[in-house]
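Here is a short walk through one structure. Keep the sequence and the 3D view side by side as you read.

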Amino acid sequence: ATPTSIMAGSGRAAEFGILFKGGEHLETTHHIDTVILDKTGTVTNGTPVLTDVLIENGMGEQHFLSLIGAAEKQSEHPLAQSIVQGIQERKISLALVQEFEAIPGYGVKAVVNQKVLLVGTRKLMKQNNVDITKALPAMEDLEGQGKTAMLASIDGEYAGLIAVADTIKDTSQTAIKRLKEMDIQVIMITGDNQRTAHAIGNQVGIDQVIAEVLPEGKAEEVKKLQAAGKKVAMVGDGINDAPALALADIGMAIGTGTDVAMEAADITLIRGDLNSIADAILMSRKTMRNIK
Ligand code: ADP
Ligand code: MG
C-alpha cells in the first residue's frame with residue numbers, strides 16, 4: 001500500500017464522517033465478510049422510553065414506581081436512566097434506598113423502605129426463586145412488540161413489571177440491506193432477551209440474532225466467528241462492547257456512544273448512520289484497487 005493512496009483514502013473517508021485510527025485499518029477493512037451489530041444505541045437510537053407498568057400485587061402505581069425508581073436511580077445502566085426519567089415525568093417522588101447492588105446483565109437488587117426489591121430479567125427472578133408464571137403472558141406480548149420488559153419482586157414475591165421501548169434508527173434497515181447485497185453476513189448481538197431481539201431483528205432485516213449475551217460474552221462471540229475463519233467487524237457504542245471492538249478484525253464505534261468504545265475501536269463512525277459501515281468497506285476496497 002502506498003502512503004499516498006492511504007492518505008487520500010483516509011481523507012476522503014473523513015469527509016464522510018468515517019475516522020480511521022491508522023492507515024493499516026483502511027487496508028484491513030476490505031477483507032471484512034461478517035458484521036456484528038450491537039442492538040441498543042447501534043441499530044436503535046438507544047433512548048428507550050418507559051411505556052408500560054403492570055402491577056400484580058395490589059399496590060398503587062405511585063407506591064410501586066416510587067420503589068422501582070429509588071432502586072434504578074442508583075444504577076448507571078442506560079435502561080435505569082430511562083426508567084427514572086419516566087417515573088419522574090409521572091411526578092412520582094422516589095422512596096429512600098437503604099442498600100443497592102447492580103447485577104450486570106441481570107438487573108438490580110436494592111433494599112427500599114425496608115423491603116427487598118429486585119428488578120430485572122427472568123434469570124434474575126429464577127436465581128432468587130421468585131415464581132413469575134403469572135407475568136409470562138404479558139411479558140411475552142411486550143417483548144413481541146420489541147419492548148424490553150423487566151420484572152419486579154418485593155420480598156421474594158413477584159410484584160409487577162415495567163417495559164421500555166426503544167426506536168429503530170431510520171437508516172438501519174437500508175444500511176443492513178446494503179451490507180447483505182455486498183454478501184456480508186450481518187449478525188445482531190444484545191444482552192436483551194431473545195423475543196425482543198428477534199422482534200427488532202425482523203424490523204431491520206436481520207435473522208441472525210445472538211441474544212441474552214452477558215456483558216463479557218460479546219468478545220467470546222467475535223472469537224468464535226474468527227475461529228471459523230471469518231473476518232469480523234464489530235460495531236457498537238457501549239462500555240460492554242469495548243472488549244469485542246478491540247478483539248474484532250475491525251472495531252467500529254458509534255460517535256455518539258461512550259468514550260470507552262471509541263478508544264477500543266479502529267474506526268469511529270461520526271454519524272450514527274449504519275450506512276457508514278458499507279461506505280467504509282467500499283472505500284477500503286477502492287483504496288486497495290488503486291494500490292494494485
Ligand atoms: P444491554 O444493555 O445490551 O441490553 P445488559 O447486559 O446490560 O444488556 O442487560 C441485560 C438485561 O438485564 C436488560 O435487557 C435488562 O432486562 C436487565 N437489566 C440490566 N440492567 C438493568 C437495570 N438497571 N434495571 C432493570 N433491568 C436491568
Ligand atoms: Mg449499545
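The text below visits a ligand site and then a strand.

This is a predicted model. Start at ligand 1. There are 19 residues around ligand 1. Among these, S75, H77, A80, G107 and G191 come nearest. Sorted by class, the shell holds 10 polar, 7 nonpolar and 2 charged residues.

Where does this shell come from? Four elements each supply at least two of its residues: helix α5 (78-89) and the strands β5 (107-112), β6 (115-120) and β7 (148-154). Domain 1 spans 3-45 + 168-291, domain 2 spans 49-165, and the shell draws at least three residues from each.

Now turn to strand β2, residues 34-38. Is this strand buried or exposed? β2 is mostly covered, with 5 of its 5 residues buried. Look at where the residues point. T34, I36 and D38 point one way from β2. V35 and L37 point the other way. Residues on both sides are buried. As a rule, side chains in a regular strand alternate between the two faces of the sheet.

Which strands pair with β2? One is β9, residues 185-189, joined to β2 by 5 bridges. β2 and β9 run parallel. Within this pairing, V35 has V186 of β9 as its bridge partner. Another is β11, residues 232-236, joined to β2 by 4 bridges. These two strands also run parallel. Here L37 stands opposite V235 of β11.

Methods: Residues are numbered from 1 along each chain as its sequence is written. Chains are lettered from A and ligands numbered from 1 in the order in which they are written. This is a predicted model: local features need pLDDT of at least 70, side-chain atom pairs count only at pLDDT 80 or more; totals for chains, interfaces and linings use all residues. A residue is near a molecule or strand if its C-beta atom, placed from the backbone, lies within 6 Å of it. Ala, Val, Leu, Ile, Met, Phe, Trp, Tyr, Cys and Pro count as nonpolar, Asp, Glu, Lys and Arg as charged, and the others, Gly among them, as polar. Domain bounds come from an automatic or database domain assignment. A residue is buried if 20 or more other C-beta atoms lie within 10 Å of its own, exposed if 12 or fewer, and partly exposed in between; C-beta atoms are placed from the backbone. Two strands pair if DSSP finds at least two bridges between them.
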